[in-house]
Amino acid sequence: METKANYVLIGAFTILVTLFLLLFALWAAKYSSERSWREYAVIFNEPVTGLSEGSTVQYNGISVGTVQQLSLAPDDPRRVIAKLRLQADAPIKTDTRAKLSMTGITGSPIIQLTGGSPNSPALADAERGSEIPIIQTEASALQNIADTANRLVARLDQVLSDDNVEHVSKTLANIESLTGSIADQREDLRALIANARKSSEQLSATLNTTNRAVETVDREIAGKLPGIVAKLDSTLTKLDSAATGANGILNDNRAAISSFANDGLAQLGPTLAELRVLVRDLRRISDRLDSNPTRYLLGRDATKEFEPEPAAR
């Protein structure tokens, strides 16, 4: 009886130890798995058509994880929240950006991570207090293409409005009328073209004549240029010699010129004043001679002529 009881205890102890070891192995595997992966979140402000749970997440073209969950933001259904499961050693920095991308022309959409300068801190360390670090997004090429297409469609709608279509129709009608008028004036156009050709030929002949005249003038000027230059050189030499002579005369008579400037100019003022008085006196004498020369010369009035009175009848 005691032997059977020992076997039961040994068997129960063995089962408990095995369960404990199994639970420990599961916990260690889960802990190791959690340490090998890290969760991040990305909030898109654009549709994520084609993206699904399990889609690849690449960092500069290298796969670093997958999309774990997709959901709409509860406060704004225009925004999409994507939870990512990335490798723990992936260098996700604060300036890392996420955008939608295509693996090929017909491939499925993926999330592409770019950026991340070496000096930037890790996003997980910068947002240690938050539950899940959030990677900022940037507009994808697909979104840029869609926005450009929308702008082009809007502009096409403006260009192809009813008013513009009507204007284009009127313009085409005017062009058609103009071409009809030109067709009716075909003979006149031929004559105009012929006259234009003749005018062009005359203009060409005139230009040739003008060119020959200019060349002749250029040759004559070129032939006379050495003589002109020689005469100009001789004239400049004479001017230089005259200037040298004038400079020598001034140097030789510097004392006389200085004496005249100091003494002669000082006496010139009184002399001019005396000349002015003399001219005034001469003008008075001339006036008196004109009015009564006898009295001025003889000192008395001129003798009056006797005129007899007529006899009384």
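**Salt bridges and a core, question by question**

Going by the rule used here, the count of salt bridges in this predicted model comes to 2.

Me: What makes aspartate 76 and arginine 78 a salt bridge?
Reply: Their side chains meet at 3.1 Å, N to O. The cut-off is within 4 Å, so the pair counts.

Me: Is aspartate 76 buried or exposed, and how do you know?
Reply: Aspartate 76 has a relative accessible area of 17%. Buried means under 20%, so aspartate 76 is buried.

Me: And why is arginine 78 called exposed?
Reply: Look at its relative accessible area: 66% for arginine 78.

Me: What makes lysine 99 and glutamate 138 a salt bridge?
Reply: Here the N to O value is 3.9 Å. That is within 4 Å, so this pair counts too. The two link distant parts of the chain, 39 residues apart: lysine 99 sits in strand 5, and glutamate 138 in the loop between strand 7 (134–137) and helix 3 (141–159).

Me: Why does lysine 99 count as partly exposed?
Reply: Lysine 99 has 25% relative accessibility. Buried is under 20% and exposed is over 50%, so lysine 99 falls in between. Glutamate 138, at 33%, is partly exposed as well.

Me: Which residues of the largest nonpolar core touch the most other members?
Reply: Out of 22 residues, they are Leu84, Leu86, Ile92, Ile111, Leu113 and Ile135. Strand 4 gives the largest share of this core, 4 residues.

Me: What does leucine 86 touch?
Reply: Leaving out residues up to four places away in sequence, its contacts include Trp37, Tyr40, Val57, Ile92, Leu113 and Ile135.

Conventions:
Residues are numbered from 1 along each chain as its sequence is written. This is a predicted model: local features need pLDDT of at least 70, side-chain atom pairs count only at pLDDT 80 or more; totals for chains, interfaces and linings use all residues. Side-chain values use heavy atoms; hydrogens and water are left out. A nonpolar core is a set of buried Ala, Val, Leu, Ile, Met, Phe, Trp, Tyr and Cys residues joined through side-chain atoms within 4.5 Å. Buried means under 20% relative accessible area, exposed over 50%, partly exposed in between (1.4 Å probe, protein chains only). Contact means heavy atoms within 4.5 Å.
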